[in-house]
Amino acid sequence: MNLIIRKIYSTDFSKNIFGSIHFIACIGFFLRIWLVFFSDYIYYPDELYSYLEQAHRLVFGYGYIVWEYRFGLRSWFIPGILSCPLFILKWLNLDDPNIYINVIKVICCSFSLSLIYTTYIVGKNIFSERVGKFASISVCFWYELIIFSSRPMPEVLATYCFMGALACAVNGVNKTKPYLFGLLLSLTVMLRLQYFFAIIVLGGYYFLKEKNINILKAIASVGLVFLLFGYLDYVTWGGFFYSFYANFLYNKTYGISKYFGVAPFYSYLIYITIVSMGVFMVSFCENIYLAIKKKHCSLLLLCLLSIIITNSFFMHKEYRFIFICIPLFLLLYFSQNVSKIVSATALLFIISLAGAMNFVPFLRYAYTHHIYYESDSLKAYKFLYKEKELISILNLYDREVAWTGGYYYLHHNVPIYFLNDVKEKKILSQNYKFIFSHIITKNSDAEANQYLNDFEVVAQLNDLKMWKNSDSKLIKIKLEDTAQVPFPIVDNYFKPFVKPHI
């Protein structure tokens with residue numbers, strides 16, 4: 001095995017096979033597109049309900065309204081961007097969820113390719129051509145970057161912007177780069193405010209390196225982006241930067257974020273160790289040791305430390321919050337393994353494959369499913385979109401809205417009820433044929449199935465079964481709108497300070 005690795009290394013592996021960064025990007029795009037058509041599940045509810053669902057509501061006029069959009073905690077920037085292709089598809093009469101869901105995913109995957117290019121530029125300029133190329137190869141196939149490539153989440157998009165700003169900072173100067181640097185730097189912090197200190201580090205580096213005229217150009221670009229985000233909040237929420245204020249007020253001052261879980265200060269170090277099977281943590285410790293020994297800390301390590309340390313002070317922690325660390329870790333990893341770069345790449349590939357296929361049990365702590373997994377709940381809503389006479393739905397398969405496809409997948413403006421809803425409204429004992437046109441149950445749920453004598457099975461997906469009312473004309477009870485998603489921990493104690501304009 002060692003002879004094979006030395007032979008590959010001696011033939012200048014990076015130049016002969018991966019000679020073009022565009023070729024690497026094409027491979028990365030293929031891997032991500034493959035995921036689009038063979039995988040569909042929700043990693044975290046925010047990706048759907050805070051962004052895709054709201055974009056659907058902007059374009060088609062209906063959708064779930066989660067508490068963040070009643071209390072003004074979210075900027076409309078991401079939903080607004082996502083609504084643009086949806087508007088075009090609607091205008092072209094292609095407003096089929098089986099079409100627009102994949103189109104949005106492909107667009108997001110295209111954005112993710114920027115990470116391959118920016119990682120290469122950063123690695124090449126800070127370390128060497130070889131480090132840049134192999135780091136970009138690792139970005140191409142690293143399983144987490146593939147998993148998140150089709151998900152329009154703020155920390156993911158902020159990572160693309162930050163790495164773009166970093167590439168501008170280390171890649172020399174021309175007339176437009178200061179403007180681009182300022183644009184990407186400000187977008188990073190606007191998309192994910194918790195990356196503020198990483199922005200300070202990168203901005204400080206740029207300030208010390210560049211001429212005054214270029215700094216002024218970057219500041220002008222930053223000011224323009226800040227103004228646009230502030231004005232967007234003014235138009236949609238009635239106050240400049242209101243979403244940032246409300247987010248801090250409810251999550252920090254009122255402590256709502258604690259409801260979603262509290263983790264120890266060191267949790268992110270554990271997450272990093274788990275998802276990389278220890279490789280990132282070893283590289284992290286090596287770089288810190290060298291920084292202490294040489295009394296010199298690299299730009300990448302400073303950015304990485306600023307993100308991990310500052311985010312560790314927040315009590316509510318989720319691994320996705322430090323998504324920005326992944327490309328930084330990959331670059332630092334290769335900077336310490338230049339002499340054995342091919343074998344180091346092979347190790348990363350094996351770890352990535354194990355993570356993607358969920359082979360290693362402890363990796364399931366971070367990722368429940370393997371990379372190519374299709375949720376039955378999401379497939380069910382896509383199926384119901386094609387059902388005729390869809391009037392109302394009772395979902396006894398899912399416990400709550402969060403793990404369903406919402407109206408973004410269903411694309412029908414009909415009431416959707418869950419078990420808790422019918423219990424509270426005391427209609428569980430009534431005959432379902434007078435209330436619901438379609439019902440979703442677990443095949444193993446004998447208690448639910450006993451009420452369905454007047455329904456026929458129209459589809460079955462593993463343990464999920466879909467039923468249709470044998471005569472929907474019998475429906476006599478008109479159900480109320482279910483678009484408002486209650487959140488008792490907030491709704492029972494607070495009232496929104498603003499009236500949404502959308």
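These notebook entries record what I looked up in the structure.

**Basis.** I worked from a predicted model, in which local features need pLDDT of at least 70, side-chain atom pairs count only at pLDDT 80 or more, and totals for chains, interfaces and linings use all residues. Residues are numbered from 1 along each chain as its sequence is written, and side-chain values use heavy atoms, with hydrogens and water left out.

I looked up the strand order and found an open sheet of five strands, 2-1-3-5-4, with mixed pairing. Strands (E, at least two residues) and helices (H or I, at least four residues) are DSSP runs, numbered from the N terminus. Two strands pair if DSSP finds at least two bridges between them. Strand 2 (416-418) and strand 4 (455-461) each have a single partner strand, so one side of each is left without a neighbour in the sheet. I noted an average twist of 25 degrees from one strand to the next. Angles run from 0 to 180 degrees between N-to-C directions, with axes fitted as lines to C-alpha atoms, for helices over the stretch in contact.

I then examined strand 1 (residues 393-395), which pairs with strand 2 in the parallel sense over three bridges. Ile393 stands opposite Ile416 in strand 2. Helix 21 (residues 376-385) lies across strands 1, 2, 3 (438-442), 4 and 5 (464-469), and runs at about 25 degrees to strand 5.

**Nonpolar cores.** I define a core as a set of buried Ala, Val, Leu, Ile, Met, Phe, Trp, Tyr and Cys residues joined through side-chain atoms within 4.5 Å. Buried means under 20% relative accessible area, exposed over 50%, and partly exposed in between (1.4 Å probe, protein chains only). The largest core has 144 residues, and Phe162 and Leu166 have the most contacts inside it. Helix 11 (residues 154-170) gives the most to this core, with 13 residues. Counting contact as heavy atoms within 4.5 Å, I found that Leu166 touches Val122, Leu202, Leu299, Leu300 and Leu328, with residues up to four places away in sequence not counted. A second, separate core of 11 residues includes Tyr432, Ile435, Phe436 and Trp467.

I also checked helix 19 (residues 325-335), where 11 of its 11 residues are buried. Among them are Cys325, Pro327, Leu328, Tyr333 and Ser335.

**Aromatic pairs.** Rings of Phe, Tyr and Trp (its six-membered ring) pair if their centres lie within 6.5 Å; planes under 30 degrees apart count as stacked, over 60 as edge-to-face and the rest as tilted. My search of the whole structure gave 40 aromatic pairs. The ring centres of Tyr408 and Tyr409 are 5.7 Å apart and the planes stand at 75 degrees, so this pair is edge-to-face. Tyr408 is buried at 2% relative accessible area, and Tyr409 is buried at 5%. One aromatic cluster is formed by Trp67, Phe71, Tyr250, Tyr254, Tyr259, Phe260, Phe487 and Phe494.

**Cysteines.** With a disulfide taken as a pair of cysteine sulfur atoms within 2.5 Å, I counted zero disulfides. The sulfur of Cys26 is 9.7 Å from the closest cysteine sulfur, in Cys140, which is too far for a bond. Cys26 is exposed, at 52% relative accessibility. Cys108 is in no disulfide, and the nearest cysteine sulfur, that of Cys109, is 7.1 Å away. Cys108 is buried, at 5% relative accessibility.

**Ser50.** I located Ser50 in helix 4 (residues 46-60). Ser50 is buried at 1% relative accessibility. Beyond residues up to four places away in sequence, Ser50 touches Pro45, Tyr69, Arg74 and Pro79.
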